[in-house]
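Visitor: Please show me the structure, and then let us go through its side-chain pairs one at a time.

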Amino acid sequence: MASSAMTSSGPTNGPTGAGPAEPDACTLLTADDAAAALGEAVDPGVVPTDGARSCLWSTTKLSTHAVEISVIGMGSFKPDQKSIPGLTITQVSGIGDAAYFVSMGGGYQDLAFRKGQIALTVSVVLSGKSDSDLLALEKTLALAALGRF
């Protein structure tokens, strides 16, 4: 996981000529943020695999409820992509510089958003919730994350 120096106004610049430093995903949300979204206590955020650019908060009980935020490359941020059968893309306003919701049904969805040259996704896995419910939770988490860099 790449860590970056953060200031109260956002990430510091990388080496001369480089863009802004990539934020550490585990600093963008808190356990309290994740617990509020899931409606139950969560374990502290962890990087799911060595070198991952994401952070995962899961419930302390045995369940599959979780919140994940990932820093993605700008090449993976594609707000203009079109929906196709089995994959629904919905533009979302009011989140960063651009945002869109991706749903494949069956509980797989995420909200991709960008601020400047930093692109992220946030996903809530919570059984029994509709895509619109999950999108509302993900919007809240995205706004919290944006406020931290």
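Visitor: Is Asp97 buried or partly exposed, and at what relative accessibility?
Guide: This is a predicted model. Buried requires a relative accessible area under 20%, and exposed requires over 50%. Asp97 falls in between, so Asp97 counts as partly exposed, at 49%.

Visitor: Which residue forms a salt bridge with Asp97?
Guide: Asp97 lies in the loop between β5 and β6, and its partner is in strand β7 (residues 108-115), 17 residues apart. The closest N and O atoms of the pair are 3.6 Å apart, which is inside the 4 Å limit for a salt bridge. The partner is Arg114.

Visitor: How many residues apart in sequence are Asp33 and Arg148?
Guide: The side chains of Asp33 and Arg148 meet in a salt bridge of 2.6 Å, N to O. Asp33 lies in helix α1 and Arg148 in the segment after α2 (131-146), so the pair ties together parts whose separation in sequence is 115 residues.

Visitor: What is the N to O distance in the salt bridge of Glu22 and Arg53?
Guide: Glu22 is in the loop between β2 and α1, and Arg53 is in the loop between α1 and β3, 31 residues apart. Glu22 is partly exposed at 24%, and Arg53 is partly exposed at 33%. Their side chains meet with an N to O distance of 3.0 Å.

Visitor: Which cysteine of the disulfide is buried?
Guide: The sulfur atoms of Cys26 and Cys55 are 2.0 Å apart, and the two form a disulfide. Cys26 is in the loop between β2 (10-11) and α1 (31-38), while Cys55 is in strand β3 (residues 54-58). Cys26, at 26%, is partly exposed. With 0% relative accessibility, the buried one is Cys55.

Visitor: Is the aromatic pair of Phe77 and Tyr100 stacked, edge-to-face or tilted?
Guide: A search of the whole structure finds one aromatic pair. The ring centres of Phe77 and Tyr100 are 5.2 Å apart, with the planes at 50°. Stacked needs under 30 degrees and edge-to-face over 60.

Note on methods:
Residues are numbered from 1 along each chain as its sequence is written. This is a predicted model: local features need pLDDT of at least 70, side-chain atom pairs count only at pLDDT 80 or more; totals for chains, interfaces and linings use all residues. Side-chain values use heavy atoms; hydrogens and water are left out. A disulfide is a pair of cysteine sulfur atoms within 2.5 Å. Helices (H or I, at least four residues) and strands (E, at least two) are DSSP runs, numbered from the N terminus. Buried means under 20% relative accessible area, exposed over 50%, partly exposed in between (1.4 Å probe, protein chains only). Rings of Phe, Tyr and Trp (its six-membered ring) pair if their centres lie within 6.5 Å; planes under 30 degrees apart count as stacked, over 60 as edge-to-face and the rest as tilted.
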